[in-house]
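Me: I am new to this structure and would like to go through it with you. Could you take my questions one at a time?

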Amino acid sequence: VERALQYTAGQKLHGFTVKEVTAVPDLFLTAVKLSHDATGAQYLHAARDDSNNLFSVQFRTTPMDSTGVPHILEHTVLCGSQRFPCRDPFFKMLNRSLSTFMNAFTASDYTMYPFSTQNAKDFQNLLSVYLDAVFFPCLRELDFWQEGWRLEHETPTDPSSRLVFKGVVFNEMKGVFSDNERLYAQHLQNKLLPDHTYAVVSGGEPLAIPDLTWEQLKHFHATHYHPSNARFFTYGDLPLEQHLQQIEEEALSKFERTEPNTAVPPQTHWDKPRVDHVTCRPDALAPDPIKQNTLCMSYLLGDITDTFEAFILSLLSSLMISGPNSPFYKALIEPEIGSDFSSSVGFDGSTRQASFTIGLQGMAEDDTETVKHIIAQTIDDIIAFSIQIEALLHKIEIQMKHQSTSFGLALASVSKRTLVFYIFENVSRFRQCLKENPRYLQDKIQHYFKDNAHRLTLTMSPDERFLEKQAEAEEQKLQQKIQNLSDADHKDIYEKGLQLLAAQSTTQDASCLPALKVSDIEPIIPYTPVQPGTAGGVPVQYCEQPTNGMVYFRAMCNLNSLPEDLKIYVPLFCSVITKLGCGELDYRQQAQRIELKTGGMSVSPQIIPDTADLDLYEQGIILSSSCLERNLPDMFQLWSDIFNSPRFDDEQRLRVLVMMSAQELSNGISYSGHMYAMTRAARTLTPTADLQEAFSGMDQVKFMKRIAEMTDLTSVLRKLPRIKRHLLNPENMRCAVNATPQKMSEAAGEVERFIGNIAANRKERKPVRPTVVEVRPLDPQAGSSASRKLISEPHFKPCQMKTYFQLPFNVNFVSECVRAVPFTHTDYASLCILARMMTAKFLHGEIREKGGAYGGGARMGGGGLFSFYSYRDPNSTQTLSAFRGGVEWARAGKFTQQDIDEAKLSVFSAVDAPVAPSDKGLGRFLNGITDEMKQRYRERLFAVTDKNLIDVAGRYLGVGQQTCGVAILGPENESIRKDPSWVVK
C-alpha cells in the first residue's frame with residue numbers, strides 16, 4: 001500500500017503510463033490506474049496487505065446471435081495455446097499450482113478470466129498460462145467439437161448407432177435451461193433490452209449452438225480478444241511492476257492498437273409498456289401444483305457508469321424488497337399470493353443500463369391481474385409515505401467491515417468494484433441529498449417507476465409438454481443437419497468421432513506447463529491460538545483476530561434429548577426461530593432490530609462426524625451472528641429473547657416462511673443435484689449420513705413439500721416450543737467468540753451476562769437413548785472443560801442401496817459412495833490424494849471430455865465416505881461404469897510420480913485455502929480438530945506413496961471389498977425401471 005502511493009500520474013512503467021493514484025483508506029488499499037501506451041489496454045491495480053493475490057483479464061464480448069460464441073470461446077481458449085500446446089492446460093494447472101481460485105466466466109457483455117494464489121512463483125506461472133491462453137490460443141477444430149458442439153454417433157466406435165448432438169457447452173446449456181429460474185431470467189433480459197447484444201443468449205441457446213462454425217469462433221476471437229478491447233485487474237501485496245513487466249513481455253508487446261467495435265449502445269426507451277409470456281417445465285416438487293406461475297414487472301433504469309445514481313438505485317431496491325418490513329414484502333409475500341419473490345427480483349447492475357424487477361413465483365394464473373394491481377398500488381404508497389434508511393446504511397457499514405478471503409475476487413467485477421470503491425463518499429453524498437430534499441428518494445421512485453414507460457410485464461407458466469416439445473425441436477434440428485449430409489460427410493463424421501476419441505484417450509504430455517513442486521509447500525501450518533474459558537458454567541472459546549471492529553459469536557447446542565418424532569422438524573425450526581418474533585417484538589420489529597444491530601443472526605442444523613470412529617457423531621444446531629463492537633449488548637439481548645421468549649403464535653407468518661423454504665428447496669435441486677445424489681447414496685453407510693439425508697437430502701425436500709401442502713399449520717406450530725425446550729438449553733451448549741484483542745474482555749463480559757439471562761432454560765434432560773452417549777473433551781491438551789457429547793449407534797448396520805429419483809430434467813446427477821475411514825485414520829490422507837488424482841487423471845476425461853457431462857469426479861469427505869459424482873450429465877449407468885473404471889485404473893497403478901505430486905498440490909491448495917479472521921479456530925470449536933491433528937494429517941499427505949494409493953484403492957474401493965450406496969437424479973429411465981436392484985422414487 002505504501003509503495004503504491006509513491007507512483008505519480010504520467011510516470012512510465014514497462015510500456016504503461018500511470019493515469020491516477022487514489023488512496024482508499026476505508027478499504028485499506030491504494031488504487032493505481034494505468035493504460036498501455038501501444039494498445040490502449042486499461043489496467044487497474046489495487047494494492048492491499050493481503051497475501052491472497054488476484055489477477056483478472058476481461059474482454060468486452062458482445063455477440064449478436066445466440067450461438068453461444070463467447071461461451072464456447074471461453075471454454076476453447078483454455079484447451080491449449082502456443083507456448084502451452086498440451087490439451088486442456090487450464091484443468092492441468094489446477095493440479096500444478098496452489099491457486100486459491102481459478103475460473104472463467106461468460107457474462108452478457110464481457111468474458112472474464114480470474115485466478116488467485118498466495119504464492120508469488122505460482123502467480124507468475126498462472127499469469128503465463130492465462131496470458132497465453134487468451135491472447136495466443138490454438139483453437140483447434142477438435143477442441144471446438146469437444147467443448148462446443150458436434151454431430152457424432154451415439155457410440156463413436158459404432159457407425160450404425162444413431163447420430164446425436166454432443167459437446168460440453170451444448171449439454172451445459174441444456175442443463176442451465178432445465179432450471180426454470182434461469183430460463184425466466186434469460187427471457188426477462190432479452191425482452192427488456194431487445195435492441196442489441198442483450199437480446200441474445202451469450203451462453204448459447206441449445207438449439208442455436210449447432211449453427212456456430214469453427215471459422216466464426218476464430219473470427220470472434222480475432223476481433224474481441226485483443227489488448228485494445230481488454231481490461232486488466234490485479235490485487236494484493238505482490239509488487240505491481242513485476243506484473244506489468246510480465247504482461248508486457250509475454251503478451252502486449254506483440255500487438256498493435258486496433259479500434260474494437262464492441263461498445264454497447266444505449267437501449268432506445270420505449271414509449272409504452274410491453275407484455276410478454278413464456279412457458280417452462282412443470283415442477284414435480286411444487287408445494288401447490290396449481291400455483292406454478294411467475295409474474296414480474298421489470299423497469300429499465302439509468303446508465304451504470306453514473307456510479308452515484310447506480311448506488312442510489314441499488315439502495316432503493318433494497319429498501320423496497322429487503323426483509324419483512326419492506327413495502328413489497330408486506331404487499332406481495334404476506335397475503336400468500338405466491339410462494340416467494342421470483343429469483344429475478346431486485347436491482348440488476350450487470351447490463352449497461354441497470355434494471356429493477358419486482359414479482360412473484362409460485363402463484364396461480366388467476367391472480368395475474370391482482371398482482372399487477374398490487375405492484376402499481378405499492379409504488380404509489382412508497383411515494384406517499386416516509387422511508388426508513390438507517391437499517392440499510394448499517395448493513396452497508398457491516399459489509400464494508402467484514403473481512404472476507406475473496407475480497408480481491410469481489411473487486412474483479414467492474415460494476416461491483418465501482419460501488420465498493422466509492423461507497424463511503426456515496427453514503428455521505430446521499431445523506432447530503434436527503435438534507436437538501438427530504439423527498440429525494442420518493443422523487444427517484446416517481447421518476448424511475450411511476451413515470452417510466454420502459455416497463456416489461458413477463459409471465460411464465462408450466463407446460464406439461466415442455467420437455468417433450470424441447471426434445472422434438474432438438475430432434476427436428478438434428479434431422480435438418482443430417483438431411484444435408486452427403487455420404488462423404490457421414491464418413492467424415494465417423495472418422496472425426498474416432499479421431500476425437502483417440503485424442504481424448506492419449507496420455508497428454510503436460511511437461512510444457514510450469515508447475516510448483518511439493519517442496520514449495522510450507523511443511524508446517526501456522527498456529528491459531530485460542531483461549532478456553534467458561535461463562536456461567538458454559539464452555540467458551542475465545543479467539544483474538546484482526547476482525548476490523550466486528551465481533552463474531554457462535555454457539556453449538558446438541559439435540560440428544562430431542563424425541564425421535566421431532567427430529568425431521570429441526571431444519572424447519574432452525575430456519576424460522578429467528579424470524580417469528582421474540583420478547584416484546586413481533587417478527588417485523590425483530591427483523592428491524594436484527595438489521596439495525598447485527599450483521600445477521602442464523603441457526604442451522606449441524607451434524608459432526610467423529611474424527612476417529614465412523615459410527616459416532618455429534619448432532620445439534622449452531623447459532624451464529626456478528627455485530628459492530630458498539631452493538632454487542634444489543635446482539636446478545638436479541639439472542640436472550642430468542643432463548644427466553646420466542647413467539648410461536650403467528651400461524652400465518654409460519655405459513656409464509658414454510659412456503660418460501662419449500663420453494664427454495666425445490667428450486668435448488670436442478671442446481672445442486674449432485675449434492676442431493678451424494679447425500680442419498682451415502683445414507684445407508686453411516687449413522688451421520690443417515691441423519692444428513694433427513695436434514696438436508698431429498699427426504700427433507702419431500703417433508704417440506706408435505707408441510708407446505710397442509711391447510712392448517714397449527715399442529716406444526718405446537719411442535720416448535722417442544723423442540724425449543726430441548727435445543728435452546730444452556731446445559732447442552734458451548735460458545736465461541738472471535739474479536740479484536742482490545743474488545744475481548746468486553747465480549748467475554750457480554751457472554752457471561754447472556755448466559756446468566758438464559759439460565760432459566762437450563763435443564764438436565766435425559767438423552768433419548770441413554771446408552772449411547774460418549775463424552776469426549778474438545779481439546780485434551782488445553783485442559784479446558786469443553787466436551788462434546790457424542791452419539792453412537794451400536795445397532796447401525798451399513799448396507800448397499802441403489803435409488804433412482806425420476807425428475808423432469810433432461811440431464812442426470814449420478815453418485816456412488818463408499819464407506820471408508822475417519823479423519824484421524826492413517827489411510828485417510830491416501831484416500832484424499834487418490835480422489836484428487838483419480839478425478840484429474842481419469843474421471844475428468846471419461847465423464848466430461850468423453851461423456852459430455854459438465855463435471856464429475858471423486859472426493860474423500862470428513863465423514864469417512866469416498867464419493868463419486870457427476871454434474872449435469874447426459875449419461876446415467878454409463879457413468880457408474882466410469883466410476884468402476886477409475887478404481888481399476890488406480891489398482892493397476894497406471895499413474896506416475898508426477899501425477900501423485902500434482903494431486904498433492906491440488907489437495908494442499910484446498911487444505912491451505914485462506915481462512916477469514918471471523919472463521920479462525922472454528923474447526924477446533926466444532927469438530928475438535930486441533931492444530932496438532934491438522935499437522936499430523938499434513939505430514940501424512942506429504943508421505944503418501946504410489947504403493948499406498950494402489951493399496952487403498954484395492955482395500956476400500958475394490959469390488960467385493962466395499963459397502964457402497966448409489967443414487968441418480970434424472971429423467972425417466974426405461975432400463976433402470978425394469979431393473980429390480982433399483983428403488984425408483
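Me: How many disulfides does the structure hold?

Reply: The structure holds zero disulfides, a disulfide being a pair of cysteine sulfur atoms within 2.5 Å. Cys-138 is in no disulfide, and the nearest cysteine sulfur, that of Cys-86, is 8.9 Å away. Please note that this is a predicted model, in which local features need pLDDT of at least 70, side-chain atom pairs count only at pLDDT 80 or more, and totals for chains, interfaces and linings use all residues. Residues are numbered from 1 along each chain as its sequence is written, and side-chain values use heavy atoms, with hydrogens and water left out.

Me: Changing topic, where is Leu-139 found?

Reply: Leu-139 is found in the loop between α4 (120-135) and α5 (141-147). Helices (H or I, at least four residues) and strands (E, at least two) are DSSP runs, numbered from the N terminus. The relative accessible area of Leu-139 is 5%, so this residue is buried. Its phi is near 45°, a positive value in a residue other than glycine.

Me: And what is phi of Asn-548?

Reply: Phi of Asn-548 is near 65°, also positive in a residue other than glycine. Asn-548 lies in the loop between β19 (538-544) and β20 (550-558).

Me: Now the helices. How do the axes of α29 and α30 cross?

Reply: The axes of helix α29 (residues 828-850) and α30 come within 10 Å and cross at roughly 130°. Axes are lines fitted to C-alpha atoms, for helices over the stretch in contact, and angles run from 0 to 180 degrees between N-to-C directions. The two helices are therefore oblique to each other; angles under 35 degrees count as roughly parallel, over 145 as roughly antiparallel, 65 to 115 as roughly perpendicular and the rest as oblique.

Me: Which residues make that contact?

Reply: Contact means heavy atoms within 4.5 Å. Among the residues making the contact are Leu-834, Met-837 and Phe-842 of α29 and Phe-883, Gly-886 and Trp-889 of α30.

Me: What does α30 meet in α34?

Reply: Arg-884, Val-887, Ala-890 and Arg-891 in α30 meet Ile-950, Ala-953, Gly-954 and Leu-957 in α34. The axes of helix α30 (residues 877-891) and helix α34 (residues 946-957) come within 8 Å and cross at roughly 140°, so α30 is oblique to α34.

Me: One more topic: where is Thr-578, and what is it in contact with?

Reply: Thr-578 is found in the loop between α20 (570-576) and α21 (587-597), and is buried at 8% relative accessible area. Leaving aside neighbours within four places in sequence, Thr-578 is in contact with Gln-590, Ile-594, Met-601, Val-603, Trp-639 and Ile-642.

Me: Is Gly-323 buried or partly exposed?

Reply: Gly-323 counts as partly exposed, at 32% relative accessibility. Gly-323 is found in the loop between α10 (307-321) and α11 (327-333).

Definitions and conventions
Buried < 20%, exposed > 50% of the residue type's maximum accessible area, 1.4 Å probe, protein only.
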